[in-house]
Amino acid sequence: MQTRSRTLTAVAAALVLGLTAGPLAAPAFASPAGSAMAAHATTGPDVGALRAALAGLPASDATAALVRVGGSDGTWRGSAGVHDLASGRKADPNALFRAGSTTKVVTAAVVLQLAAEDKVDLGTPVQQYLPGLLPSAFKPVTVRQLLNHTSGIQAGDGFGDSFEDAYAHRFDTLTPKQVVASAVAKGPEFDPGEQQDYLNINYTILGMLIEKVTGHSYAGEAARRVLRPAGMHHTYFPGADPRIHGPHNHGYQAVKQADGTTKFVDVTEWNQADRWAAGDMISTTADLERLITHLFRGGIVPKPQLEEMFTVPSDIEGADMSAGLQRFEYGGKVYWLKSGARYGYSAVVAATRDLSRTLVYSVNSTDAKGESMNPVAQRIALAALK
């Protein structure tokens, strides 16, 4: 049995690239007069390395970055770059941003709470909770297999594979139901439990499961069960609303022009309804830090069910995804993390299980959905997880 993943986790990719790559070239990108970097430090983290990681923003690969490093040995807070390229005002260090697939941590926590309440059995096929969703071509897919991406269900369709196609439909609504229908129509990719393939579709179906079992909306249950208990007062789920409500830094996508020049397209406003329980959350670095801290301390999910978040399938070669998180070992330490990326925004939340080191960042990447790791995110990860 083997594992496949179509999306590299940001921190893991950053560390691999950082250990093999040479010095990064200085970006050729004019810095508006208002650009600035701000930071506060106590003890523990390598302050010099973290400051250096944020130096030079805005740049061609990122226009802003927000970082929080925490843990038992000290804290560090930093921000750099601009609120937007037109004004050049400095980035808001407390800004809201599109948190992408870090949403899956919240979704997994809700499902595990339901398991603790005996409303969901992780070993029971999802077909029993959502009859008619998967046709007979699909073998029984357990709730646990959705949580750890071993379901074998293929990816759902979006508004196209290219940025240009997606951008043209950025204000249109693609419902989770439509996404699931397109995935189901393709048939299974592999038998459940045979491989691990990280896909949003697993968590879209888990969102449907949450609504069916509770009789309430996914957003309502997530807020009641996770956001409010964790003190995440600035986090919300926008649904089909394309705007970010509250202070936020603009996101951009770098687009090559016919004459060889690069245009930075503002992608801040975007309808994320199709990402739903898999990735449409809007949050802050402080709120994501609260999430991982409360979660790992057992304040959100009871400890017996919390073990699911620290358990990867033992019978699948190379598996590293658990319920809502990914296991990553570096420098003799094991980190549990989740990355997220939407056009204009890249985010990571990571921590050791004992919370001796935590990392949350949001980078306004100009190619957030690209195949290559963002150099700014790479530098942040290397500096924070030394």
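Predicted model: local features only at pLDDT ≥ 70, side-chain atom pairs only at ≥ 80, totals over all residues.
Q: What makes residues of helix α7 count as buried, and which ones are they?
A: The cut-off is a relative accessible area under 20%. In α7, which runs over residues 176-184, the buried residues are Pro176, Val179, Val180, Ser182, Ala183 and Val184. Their cover includes α8 and also α10, residues 276-279.

Q: What makes α3 oblique to α8?
A: The axes of α3 (residues 103-116) and α8 (residues 201-214) cross at roughly 40° and come within 10 Å. Roughly parallel is kept for angles under 35 degrees, and roughly perpendicular starts at 65. A crossing of roughly 40° lies between these limits, so α3 is oblique to α8.

Q: Which residues make the contact of α3 with α8, and how do they divide by class?
A: On the α3 side they are Lys104, Thr107, Ala108, Val110, Val111 and Leu114, and on the α8 side Tyr203, Leu206, Ile210, Val213 and Thr214. The division is eight nonpolar, two polar and one charged. α3 passes α8 in a left-handed crossing.

Q: Why is Thr103 called buried?
A: Thr103 belongs to helix α3. Its relative accessible area is 0%, and buried means under 20%, so Thr103 is buried. Beyond neighbours within four places in sequence, Thr103 is in contact with Tyr218, Phe237, Trp276, Ala277, Ala278, Gly279, Asp280 and Met281.

Q: Why is Ala116 called partly exposed?
A: Ala116 is also placed in helix α3. The class partly exposed lies between the 20% limit for buried and the 50% limit for exposed. With a relative accessible area of 31%, Ala116 is therefore partly exposed. Leaving aside neighbours within four places in sequence, Ala116 is in contact with Pro302 and Gln305. Ala116 and Pro302 are 186 residues apart in sequence, yet their C-alpha atoms are 7.0 Å apart.

Q: Is Asp118 buried or exposed, and how do you know that?
A: Asp118 is found in the loop between α3 and α4 (126-129). The relative accessible area of Asp118 is 73%, and exposed means over 50%, so Asp118 is exposed. Asp118 has a positive phi of about 60° although it is not a glycine.

Q: Is His149 buried or exposed, and how do you know that?
A: His149 has a relative accessible area of 2%. That is under the 20% limit, so His149 is buried. The residue sits in the loop between α5 (143-147) and α6 (163-168). Phi of His149 is near 60°, a positive value in a residue other than glycine.

Q: What joins Leu57 and Pro58, and where does Pro58 lie?
A: The bond is a cis peptide bond, with omega about 5°. Pro58 lies in the loop between α2 (47-54) and β3 (62-70). In general, most residues other than glycine have a negative phi, and most peptide bonds are trans.

Q: How many of the residues of the protein chain count as buried?
A: Of its 386 residues, 55% count as buried. The chain has 13 helices and 13 strands.

Notes: Residues numbered from 1 in each chain as written. Heavy atoms only, no water. Axes fitted to C-alpha atoms, helices over the stretch in contact; angles between N-to-C directions. Helix = DSSP H or I, 4+ residues; strand = E, 2+ residues; numbered from the N terminus. Parallel < 35°, antiparallel > 145°, perpendicular 65-115°, else oblique. Left-handed = near helix turned anticlockwise from the far one by under 90°. Contact = heavy atoms within 4.5 Å. Nonpolar A, V, L, I, M, F, W, Y, C, P; charged D, E, K, R; others polar. Buried < 20%, exposed > 50% of the residue type's maximum accessible area, 1.4 Å probe, protein only.
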